[in-house]
Amino acid sequence: MHKKVKYRILYNSQIADRTYRMRLSGDTGDIKAPGQFINIALPGFYLRRPISVCDWDQEGLDIIYKVVGDGTRLMSELSEGFELDVLTGLGNGFDLSAVKKGETAVLVGGGVGVPPLYGLAKRLMAEGVSVKAVLGFNESPQMFFEKEFSELGAEVHITTVDGSAGIKGFVTDAMKELSFDHYYCCGPMPMLRAVHRLCREKGAEGELSFEARMGCGFGACMGCSMETLSGTKRICKDGPVFKSGEVSFDD
Amino acid sequence: MTERSGAKKGSGLRDMSVCLGDWRLDDPVIPASGTFGFGYEFSEYYDINMLGSIALKGTTREPRYGNPLPRIAECREGLINAIGLQNPGVKKVMEEELPKLRSVFHKPSIANISGFSIDDYVYTASCFDELPDIGILEINISCPNVHGGGMAFGQDPAQAASVCEAVKRSCKKPVYMKLSPNVTDITAIASACEAAGADGLVLINTLLGMRIDPRTGKKVVSTGAAGFSGPAVKPIAVRMVYQVYEAVNIPIIGVGGIETADDVIEMMYAGASAVEVGAANLVDPYACYDIIRELPLKMEEYGIDRLSDIIGKAH
Ligand SMILES: Cc1cc2nc3c(=O)[nH]c(=O)nc-3n(C[C@H](O)[C@H](O)[C@H](O)COP(=O)(O)OP(=O)(O)OC[C@H]3O[C@@H](n4cnc5c(N)ncnc54)[C@H](O)[C@@H]3O)c2cc1C
Ligand SMILES: Cc1cc2nc3c(=O)[nH]c(=O)nc-3n(C[C@H](O)[C@H](O)[C@H](O)COP(=O)(O)O)c2cc1C
Ligand code: FES
């Protein structure tokens with residue numbers, strides 16, 4: 001069936017404080033772009049859990065998730081071989097054609113907003129785009145993927161709120177001095193707002209990935225609506241990625 | 001129940017068709033308003049022409065953005081929604097949404113109409129009344145997520161009757177009133193609607209519920225109280241359909257917590273002529289597809305030749 005698949009857990013291991021990486025094997029044919037997400041049914045929970053695709057290939061995909069409540073706690077306890085019922089290839093994803101070969105993209109992620117940027121970095125670099133990654137965390141135990149981004153050949157900048165690693169402060173503190181042609185951003189709402197404002201001041205355009213509590217994740221319930229400059233949009237179906245010129249934070 | 005309507009086990013053909021007045025549906029399964037958009041996007045998943053019909057997203061006279069986020073809270077065996085009737089308004093629905101639906105769905109659909117005054121209801125219903133591919137006007141007097149109008153009309157028999165009467169007076173199509181479970185005696189509202197000329201009834205809309213996050217002490221959805229539905233409410237819906245079936249002589253569309261072919265059969269025994277499937281579509285886009293494929297197998301297992309034979313047979 002289109003978009004509904006069974007994924008088998010190949011591994012599920014902790015990579016940072018309360019943060020897990022899960023490898024799923026199964027049909028990834030519906031995944032078209034980095035920044036898309038999957039919606040996972042969990043035994044005993046009525047609603048599915050939306051999680052971004054971190055990276056994917058023909059055999060399967062990786063997700064990275066943080067334990068924040070009962071659903072993600074259950075996920076962290078699932079073992080190898082367990083089969084998950086998943087809606088896959090959801091949302092629009094990032095637009096790779098927004099940057100050209102030889103140009104520079106900055107990828108800005110906060111916490112578990114970092115994962116989808118990894119799949120994006122990999123694909124942009126394959127197109128000859130040069131990538132700078134600004135990865136923000138609260139404190140160093142929560143950090144992950146610094147090495148993975150470096151190994152791709154990206155220029156990595158780390159920020160932590162408490163200064164325990166990298167630059168002390170927020171992603172915007174690291175971005176101020178950077179030059180780039182286009183930005184891609186995924187993280188909590190206050191971060192999206194701050195990055196959007198900074199880049200507007202810099203005169204740069206980009207794309208931002210939003211999140212919302214979802215009833216369905218595929219456009220049926222209007223649970224995730226957001227006002228944009230081009231009308232009311234559903235974060236799950238018309239997003240989660242929106243162009244910087246399309247969104248307004250009332251500031 | 002004493003007999004299975006003369007049905008014999010294993011006797012070949014399974015007839016799933018049902019009637020709502022003069023309208024014959026291939027099967028009784030209809031996605032419920034608000035959980036299927038304007039339908040056409042589900043054709044990405046399967047051929048939606050297998051559905052009996054489709055109840056369209058609740059439509060109002062003017063466009064509505066709806067309530068602030070968050071609008072969704074998870075519950076055990078269900079969810080709370082505070083969408084607040086987000087829709088582009090009847091004009092855009094007719095000009096932009098319905099043509100897209102028509103290109104993939106070739107049966108009549110059910111318009112779901114909300115309002116804040118009797119005038120609103122009449123205006124919007126009259127617009128849909130002109131369209132040949134609208135089978136029924138479903139009048140939602142039971143939305144718990146808007147202030148003024150909405151559910152208020154569905155909580156008082158006299159008000160429910162006046163909406164029904166006004167719409168009946170200005171429209172030719174069958175008028176089905178969609179009732180709220182948030183009342184002391186649903187049969188009083190049902191009977192008032194029947195007396196006012198309703199051609200049928202749809203029940204139930206969502207129950208008023210609330211969730212508070214124990215980690216923060218804060219209400220989860222922006223409106224606080226909002227509409228609760230899903231499998232958890234099915235026993236309430238079955239009970240209400242059962243009670244209303246005894247009170248009226250017009251067809252009932254049963255809604256509330258339906259997820260499986262067994263749920264459909266249960267609701268029909270209670271007295272429903274057809275059913276609507278709501279929340280189940282949200283957690284699985286194939287919910288109606290699976291139910292329709294499972295129905296003949298369950299009919300065979302239970303020895304039901306004609307599904308319409310079991311309507312109200314639990315009484
Ligand atoms: C498009 C999208 C992509 C996401 N990608 C990731 C990711 O890659 N990694 C990751 O760790 N998290 C991601 N999230 C957030 C993740 O969905 C939530 O952390 C998770 O649903 C929490 O479930 P829970 O049962 O542990 O928490 P609970 O708080 O117990 O969940 C209760 C309900 O609220 C919902 N909910 C709670 N927090 C969020 C949230 N932040 N966003 C949306 N719904 C929420 C749950 O889905 C559930 O329905 C993403 C969210 C969205 C919308
Ligand atoms: C997200 C959502 C939106 C809904 N929107 C409408 C609506 O616009 N009009 C309406 O009459 N009912 C609306 N309903 C109610 C459903 O049509 C249905 O009556 C109710 O949810 C009970 O069925 P269920 O338990 O199968 O969900 C909505 C329900 C949900 C979950
Ligand atoms: S979550 Fe249902 S429309 Fe977006």
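This report covers the interface, the pocket and cavity, and some backbone features of a predicted model with chains A and B.

## Basis

Local features in this predicted model need pLDDT of at least 70 and side-chain atom pairs count only at pLDDT 80 or more, whereas totals for chains, interfaces and linings use all residues. Residues are numbered from 1 along each chain as its sequence is written, chains are lettered from A and ligands numbered from 1 in the order in which they are written, and side-chain values use heavy atoms, with hydrogens and water left out.

## Interface of chains A and B

Chain B brings 35 residues to the contact and chain A brings 31, where contact means heavy atoms within 4.5 Å. The buried area is about 2,700 Å², and carbon and sulfur atoms give 56% of that area. Buried area here is the accessible area (1.4 Å probe) that two parts lose on being put together, summed over both.

Twelve residue pairs are in polar contact between the two chains, both residues at pLDDT 80 or more. A polar contact is a pair of N or O atoms within 3.5 Å; within protein, one must be able to donate a hydrogen and the other to accept it, and residues adjacent in sequence count only if both atoms are side-chain atoms. On the side of chain B that touches chain A, β4 (72-75), β5 (78-81), α7 (280-283) and α8 (287-302) of chain B each supply at least two residues. The largest share, four residues, comes from α7(B). Helices (H or I, at least four residues) and strands (E, at least two) are DSSP runs, numbered from the N terminus. By class, this side of chain B has 19 nonpolar, seven polar and nine charged residues. Ala, Val, Leu, Ile, Met, Phe, Trp, Tyr, Cys and Pro count as nonpolar, Asp, Glu, Lys and Arg as charged, and the others, Gly among them, as polar.

## Salt bridges

Over all chains the structure holds 33 salt bridges, and five are found across the interface of chain B and chain A. The rule asks for a side-chain nitrogen of Lys or Arg within 4 Å of a carboxyl oxygen of Asp or Glu.

Glu41(B) and Arg234(A) form a salt bridge at 2.7 Å, N to O. Glu41(B) lies in the loop between β3 (29-31) and β4 of chain B and Arg234(A) in strand β15 of chain A, so the pair joins two chains. Lys3(A) is paired with Glu44(B), with the closest N and O atoms 3.6 Å apart.

## Pocket and cavity

Both kinds of space are found on a 1 Å grid over the protein atoms alone: a cavity is a set of points where a 1.4 Å probe fits but cannot get out, a pocket is an open set with protein on both sides within 12 Å along at least five of seven lines, and lining residues have an atom within 4 Å of a point. The second largest pocket has a volume of about 610 Å³. Of its 27 lining residues, Met222(A), Thr232(A), Gln86(B), Pro88(B) and Glu97(B) are the closest to its centre. The lining has nine nonpolar, eight polar and ten charged residues.

One cavity of 30 Å³ or more is found in the whole structure. The largest cavity has a volume of about 490 Å³. Its lining has 37 residues, and those nearest its centre include Ser33(B) and Asn205(B). By class, this lining has 19 nonpolar, 16 polar and two charged residues.

## Backbone features

The peptide bond from Gly239(A) to Pro240(A) is cis, with omega near 10°. The bond from Leu203(B) to Ile204(B) is also cis, with omega near 15°.

Technical notes
Points joined across faces, edges and corners; volume = space filled by probe spheres on them.
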